Amino acid sequence: MAYCRKCGEVIDDEAVICPKCGVQQKEYKKASDDDGSILWLLLGLLIPIAGLILWIMWKDDKPKSARMAGIGFLVNIILWIVGVAAMFSLVGLYMH
Ligand SMILES: [Zn+2]
């Protein structure tokens, strides 16, 4: 449940315009940007630095999307560490 930011009328969560006073609900629009889309996770996975920057930039304004970007970044880092560890252990196998 949401409230009109001008007249305080109870409006639908998905209402873009208050049916009573006709004022556009900017708070809703801002919240709708924070979709927590899986795309942010993929972005963080493909471009970890972008994921890290978005995570820091959005952690207050868009916590859901920021978390997804952050998860993408962390998964990338974990995969990278695992990959390097696997590579070193393979090199170790060949060396001995
Ligand atoms: Zn209103």
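Axes here are lines fitted to C-alpha atoms, for helices over the stretch in contact, and angles run from 0 to 180 degrees between N-to-C directions. Helices are DSSP runs (H or I, at least four residues), numbered from the N terminus. The model is predicted: local features need pLDDT of at least 70, side-chain atom pairs count only at pLDDT 80 or more, and totals for chains, interfaces and linings use all residues. Residues are numbered from 1 along each chain as its sequence is written.

Start with the division into domain 1 (1-33) and domain 2 (35-96), with bounds from an automatic or database domain assignment. Their C-alpha centres lie 36 Å apart.

Now turn to helix H3, residues 48-58. Gly 51, Leu 54, Trp 55 and Trp 58 are buried there (20 or more other C-beta atoms within 10 Å of the residue's own, C-beta atoms being placed from the backbone). Seen down the axis of H3, these buried residues fall within an arc of 105 degrees, so they line one face of the helix. The arc is that of the directions from the helix axis to the C-beta atoms. They pack against helix H2 (38-46) and helix H4 (63-95).

H3 and H4 pack at about 145 degrees, with axes 8 Å apart. Residues in contact have C-beta atoms, placed from the backbone, within 7 Å. On the H3 side, Trp 55 and Trp 58 are among those that meet H4, whose partners include Phe 73 and Ile 77.

H2 and H4 pack at an angle of about 30 degrees, their axes 7 Å apart. Contact residues include Trp 40 and Leu 41 of H2, and Met 68 and Phe 73 of H4.

Terms used. A residue is buried if 20 or more other C-beta atoms lie within 10 Å of its own, exposed if 12 or fewer, and partly exposed in between; C-beta atoms are placed from the backbone. Helices (H or I, at least four residues) and strands (E, at least two) are DSSP runs, numbered from the N terminus. Two residues are in contact if their C-beta atoms, placed from the backbone, lie within 7 Å.
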